[in-house]
Amino acid sequence: MTPVERPLSPHLQIYKPQLTSVLSITHRATGLALSVGILFLIWFLAAAAWSDGAFALAREFWGSWLGLFCLFGWSFSLFYHLLNGIRHLAWDSGWGFELKTAYLTGWVVVAGSIALTLVAWIAGFCLRGAS
Amino acid sequence: MSGASVHHWRNQRLSALALIPLTLWFVAAMLGHLGEDRAQFTAWLSQPVPLVLTAVLVLAVLYHMALGLVVVIEDYVTGPKCQSLAISVVRKSALALAVIALVALAKIGFGS
């Protein structure tokens, strides 16, 4: 039997990136980032449970530039995954599939997650400054 | 579609719903306790409401995480042996992390 040359569907790189596909992969990427984040949260809880030394070390990490950078990334990831997750739940209920609506809710997720991240950090700096 | 897939799909969404209020509470709570030393932080966390909410949050996150990571593995890890190994590592790690977190919270809640 001679092999039949069937057409293949184009690879991902062929397609122009669209808001909808970029947001979809970002949902997964932020989910992965948050999986690493929960490790650090559990480390922090364990440090609080076990000893002053471990807790001081954890605090030192969170206060460092690397710690703050990670916290910033995790806070954005959390708000993004939260808002886009709500978008997914709306889809599951059958709402928001029209192209126009999908784009609109997509931009709301982008703007909303940036806004919530900024609000949380401004609140953090104010509260930290006040204490 | 098998019963397990439906179960997985539904539980991913139920845990997501539970995590909406839990994560918002957690972010607000953490912002309210910035810069505290260990005694102050554990004094707050050992109260019944924060203790129970944190325990539920961590368990819901780990469960939601394991369900999500399994889907990622199914998509990207090829080869049935590698795939089932990776899935079992994820499930066992999530379980181990849940135990560590619950022991830590119990220690904070009921004194060391």
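**Figure 1. Contacts and overall form of chain A.** Residues 24 or more positions apart account for 70% of the contacts in chain A with a separation of 6 or more, two residues being in contact if their C-beta atoms, placed from the backbone, lie within 7 Å. This is a predicted model, in which local features need pLDDT of at least 70, side-chain atom pairs count only at pLDDT 80 or more, and totals for chains, interfaces and linings use all residues. Residues are numbered from 1 along each chain as its sequence is written, while chains are lettered from A and ligands numbered from 1 in the order in which they are written. Chain A has four helices and zero strands; helices (H or I, at least four residues) and strands (E, at least two) are DSSP runs, numbered from the N terminus. The radius of gyration of chain A is 21 Å, well over the 14 Å that the globule rule gives for 131 residues, so chain A is more spread out than a compact globule. That radius is taken over C-alpha atoms, and the rule is 2.2 Å times the number of residues to the power 0.38. The C-alpha trace of chain A spans about 70 × 40 × 25 Å along its principal axes.

**Figure 2. Helix α1 of chain A.** This helix covers residues 19-50 of chain A. From its first C-alpha to its last, the 32 residues reach 46 Å, close to the 46 Å expected at 1.5 Å a residue; the expected span is 1.5 Å times one less than the number of residues. Buried residues of α1(A) include T30(A), G31(A), L34(A), L45(A) and A48(A). A residue is buried if 20 or more other C-beta atoms lie within 10 Å of its own, exposed if 12 or fewer, and partly exposed in between. Within chain A, the buried residues of α1(A) pack against α2 (52-63) and α3 (65-92), and in chain B they pack against α2, α3 and α4.

Figure 3. Chain B follows the pattern α-α-α-α along the sequence. Its C-alpha trace spans about 50 × 25 × 25 Å along the principal axes, and 21% of the 112 residues of chain B count as buried. The contact between the chains takes 26 residues from chain B and 23 residues from chain A. On the chain B side, two or more residues come from each of α1 (3-32), α2 (38-45), α3 (48-76) and α4 (80-110). The residues on this side divide into 19 nonpolar, four polar and three charged. Ala, Val, Leu, Ile, Met, Phe, Trp, Tyr, Cys and Pro count as nonpolar, Asp, Glu, Lys and Arg as charged, and the others, Gly among them, as polar.

**Figure 4. The largest nonpolar core.** This core has 24 residues, and those with the most contacts inside it are L45(A), A48(A), L62(B) and A104(B). A nonpolar core is a set of buried Ala, Val, Leu, Ile, Met, Phe, Trp, Tyr and Cys residues joined through C-beta atoms within 7 Å. Its largest share, eight residues, comes from α3(B). Leaving aside neighbours within four places in sequence, L45(A) is in contact with A101(B), A104(B) and L105(B).

**Figure 5. P48(B) in helix α3 of chain B.** P48(B) is found in helix α3 of chain B. This residue counts as exposed because it has 8 C-beta neighbours inside 10 Å. The C-alpha atoms of P48(B) and G109(B) are separated by 7.7 Å, although the two residues are 61 residues apart along the chain.
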